[in-house]
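The following exercises are to be worked through with the sequence and the structure at hand.

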Amino acid sequence: MAEFMELEGQDGVRMAWNVVPGTKQEASNCVVPVSAIYTPIKPFPSMPVLPYAPLRCRNCRSILNPFSIVDFTAKIWICPFCFQRNHFPPHYASISDENLPAELFPQYTTIEYQSPGEASSLPPVFIFVVDTSIIEEEMAFLKSSLSQAIDLLPDNSLVGLITFGTLVHVHELGFSTIPKTYVFKGSKDVSKDQLLEQMSFFLNKPKPPTGVIAGARDGLSSESISRFLLPASNCEFALSSVLEELQKDPWPIPVDQRASRCTSTALSVASSLLGACVPGSGARIMAFIGGPSTEGPGAIVSKNLFEPIRSHKDLDKDSAPLYHKAVKFYEALAKQLVHQGHVLDLFACALDQVGVAELKVAVERTGGLVVLAESFGHSVFKDSLRRVFQSEEKDLGLSSNGIFEINCSKDIKVQGILGPCASLEKKGPLCSDTVVGQGSTSAWKMCGLDQATSLCLIFEIVKKDIPDATVQSSSNQFYFQFITYYQHSTGEMRLRVTTLSRRWVAGPGSIQELIAGFDQEAAAVVMARLVSFKMENEAEFDPIRWLDKALIHICSRFGDYQKDSPSSFSLSPRFSIFPQFIFNLRRSQFVQVFNNSPDETAYFRMILNRENVANSVVMIQPSLISYSFQSVPEPALLDVAAITADRILLLDSYFTIVIFHGSTIAQWRKAGYHNQPEHQAFAQLLQAPRDDADPIIKERFPVPRLVICDQHGSQARFLLAKLNPSATYNSDGHHQGGGGDVIFTDDVSFEVFLDHLQRLAVQ
């Protein structure tokens with residue numbers, strides 16, 4: 001693994017196959033697709049930022065890179081993608097073997113260009129869309145968090161406020177004498193033109209007869225824009241007084257009905273307002289939602305409490321009448337936001353579902369952040385919101401207005417991207433006929449991206465036959481180039497280029513080389529993103545069967561065994577953990593939707609789809625550390641056998657961090673031994689897992705939930721659900737001593753799973 005992490009540390013890329021199968025047939029035999037997980041703006045301390053524009057190939061528009069062949073005397077460079085010969089412009093006249101420009105240095109395969117004078121004049125824009133159909137207590141929590149967030153806003157950023165419940169209220173913050181709002185009916189969708197008309201944008205300056213209304217340059221006066229979007233430094237007082245006065249939605253709610261909440265109309269108004277006032281700027285709609293949407297085109301449930309909110313079963317049976325209508329509405333909203341270049345962030349805090357499953361498409365296509373918590377008073381929400389605006393060393397590095405492009409060698413095509421982006425529908429010879437995720441394009445829009453945003457690119461090898469061995473040895477490299485043009489958090493426009501080369505192999509002796517280049521962590525993450533995508537988009541798809549078939553194929557192709565002899569089966573160290581990853585993926589919340597609501601499943605998948613390999617692996621297969629008096633803290637197997645009475649376990653499953661006290665430890669703690677001076681060692685043992693959990697909580701976004709529980713307590717379920725059930729209620733060994741535990745489940749254990757896998761792989 002270490003060398004793959006090293007490559008990631010240089011370019012921000014992890015590939016499932018670092019030696020690429022060279023033909024279409026070889027690639028389909030490999031089961032896991034040729035793919036890369038790329039973090040476009042991962043921070044690299046040693047990466048140079050060049051103060052000039054990049055040099056592009058005049059044929060395929062790829063950028064000069066260390067793999068280009070350079071003829072210094074003729075001042076010509078040959079593009080590795082299309083073999084076009086390009087002349088260097090005059091200002092490269094002094095280059096030579098000893099005097100190379102930075103972009104040709106072999107170690108700078110990732111480099112950034114910053115063109116002077118291209119800084120965006122538009123400040124960042126935040127529009128808060130706040131749900132008021134919530135109980136007083138939640139309202140108080142939300143108000144306190146919002147006023148903290150407003151204090152942390154950059155001074156030059158523009159701020160707007162929309163509140164909604166039964167009606168949508170757009171607050172005119174620029175009118176300081178008294179609070180003034182424009183009110184829209186929640187059940188009716190408002191078009192952009194109606195919105196501008198009703199909010200009297202054309203009082204002093206008549207509406208232009210033709211053309212699109214877009215910001216101060218096109219048809220709107222900056223005075224009318226500044227009524228609703230003000231610099232944070234100017235409107236701090238107005239904003240905080242509106243927030244202080246903010247009341248719960250005043251409309252009475254009948255006993256047998258849900259509160260009326262027009263989420264979709266409010267988001268549509270926010271989107272149209274931003275589209276009219278600040279198109280193309282890095283604007284974010286931050287939606288704070290405290291319950292299910294019951295009004296307007298994006299309603300997820302009727303107001304009648306007799307009708308339950310849709311479950312996974314309803315979606316499978318197609319008996320959720322409002323679901324498809326709401327998804328269609330949010331798809332249109334996503335399209336509008338992507339066109340405007342704006343981001344939708346979602347903070348959903350309620351015990352009930354709020355409609356994350358329907359909103360997913362709009363948040364994901366615009367690259368928005370998503371946080372799901374039980375209450376606005378929960379640390380998961382409060383700390384995550386603070387992290388968004390923090391400007392210390394742990395900031396998210398929020399950037400905007402990204403465009404992502406791919407170039408690759410002619411024998412490779414792009415099937416698509418699984419991740420937070422939207423297709424720009426730029427068709428070309430690079431596009432494969434098979435589409436996965438956002439496909440049939442070679443350019444994507446990333447309205448919002450941060451330092452951790454990671455895309456999963458799925459490629460297809462199209463080379464049909466293997467050329468003669470002589471040709472193969474001379475040109476057996478595939479090249480990939482990823483170009484990200486984005487607005488840096490400082491406001492300047494940057495262009496980052498990563499160029500990779502990977503060797504390809506084909507033919508009879510290639511298996512060992514493929515094995516040597518297999519990155520099992522990256523492969524597991526690609527399979528997790530793929531299976532989530534298929535579960536959402538393919539009818540009648542059976543995820544368990546698909547994963548099992550894939551694993552059996554891989555083991556029978558890359559394992560060492562004699563036919564029909566399971567005991568002779570072995571896997572190379574490069575593949576040895578892969579079956580375990582797949583076993584845990586089959587049991588994970590991405591595949592097992594039982595016991596999760598559609599909102600929770602959508603949330604887990606949205607986070608999986610934007611995180612890097614290391615974080616995604618923790619979601620698939622949590623890490624477990626054991627603390628005891630006998631030894632220093634050490635990693636423990638993710639197995640029920642890890643539980644003993646005199647141990648503390650720390651489980652990190654990404655969304656939750658569990659500190660689990662064995663029964664003896666819990667008794668001692670309840671007896672207060674850790675407070676007695678002679679039991680100093682016990683106090684340190686109790687504190688150690690807390691100290692290790694703190695840094696994880698501090699640097700993760702969304703902030704994970706911390707659960708501290710005791711063996712046999714009700715919260716212990718957070719740990720037990722993730723452990724391999726090697727001892728269950730009906731296995732022979734469950735009368736064990738030593739204060740261990742058993743799991744009440746009929747799930748197969750990993751040993752049984754591996755046993756079946758070996759039997760099937762050797763057939």
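**Exercise 1: The largest cavity**

Helix H16 (578-587) and helix H18 each contribute at least two residues to the lining of the largest cavity. The model is a predicted one.

Task. State which residues line the largest cavity and how they divide by class.

Solution. Step 1: the lining consists of Asn584, Arg587, Ser588, Met619, Ile620, Pro622, Ala721 and Lys722. Step 2: by class, this lining comprises 4 nonpolar, 2 polar and 2 charged residues. Step 3: the volume of this cavity is about 60 Å³, and the whole structure contains 5 cavities of 30 Å³ or more.

**Exercise 2: A serine in helix H18**

Task. Determine whether Ser616 is buried or exposed, and which backbone oxygen its side chain reaches.

Solution. Step 1: Ser616 lies in helix H18 (residues 613-620). Step 2: its relative accessibility is 0%; buried means under 20%, so Ser616 is buried. Step 3: the side chain of Ser616 reaches the backbone oxygen of Asn612 at 2.8 Å. Step 4: leaving aside residues up to four places away in sequence, Ser616 touches Val525, Leu608 and Glu611.

**Exercise 3: An aromatic pair**

Task. Classify the ring pair of Tyr38 and Phe404 as stacked or tilted.

Solution. Step 1: the structure holds 37 aromatic pairs. Step 2: in this pair the ring centres are 5.9 Å apart and the planes stand at 35°, so the pair is tilted. Step 3: Tyr38 belongs to strand S3 (residues 35-38) and Phe404 to strand S17 (residues 399-408), 366 residues apart. Step 4: Tyr38 is buried at 0% relative accessible area, and Phe404 is buried at 0% relative accessibility.

Terms used:
Residues are numbered from 1 along each chain as its sequence is written. This is a predicted model: local features need pLDDT of at least 70, side-chain atom pairs count only at pLDDT 80 or more; totals for chains, interfaces and linings use all residues. Side-chain values use heavy atoms; hydrogens and water are left out. Helices (H or I, at least four residues) and strands (E, at least two) are DSSP runs, numbered from the N terminus. Buried means under 20% relative accessible area, exposed over 50%, partly exposed in between (1.4 Å probe, protein chains only). A polar contact is a pair of N or O atoms within 3.5 Å; within protein, one must be able to donate a hydrogen and the other to accept it, and residues adjacent in sequence count only if both atoms are side-chain atoms. Contact means heavy atoms within 4.5 Å. On a 1 Å grid over the protein atoms alone, a cavity is a set of points where a 1.4 Å probe fits but cannot get out, and a pocket is an open set with protein on both sides within 12 Å along at least five of seven lines; lining residues have an atom within 4 Å of a point. Grid points are joined across faces, edges and corners, and a volume is the space filled by probe spheres set on the points. Ala, Val, Leu, Ile, Met, Phe, Trp, Tyr, Cys and Pro count as nonpolar, Asp, Glu, Lys and Arg as charged, and the others, Gly among them, as polar. Rings of Phe, Tyr and Trp (its six-membered ring) pair if their centres lie within 6.5 Å; planes under 30 degrees apart count as stacked, over 60 as edge-to-face and the rest as tilted.
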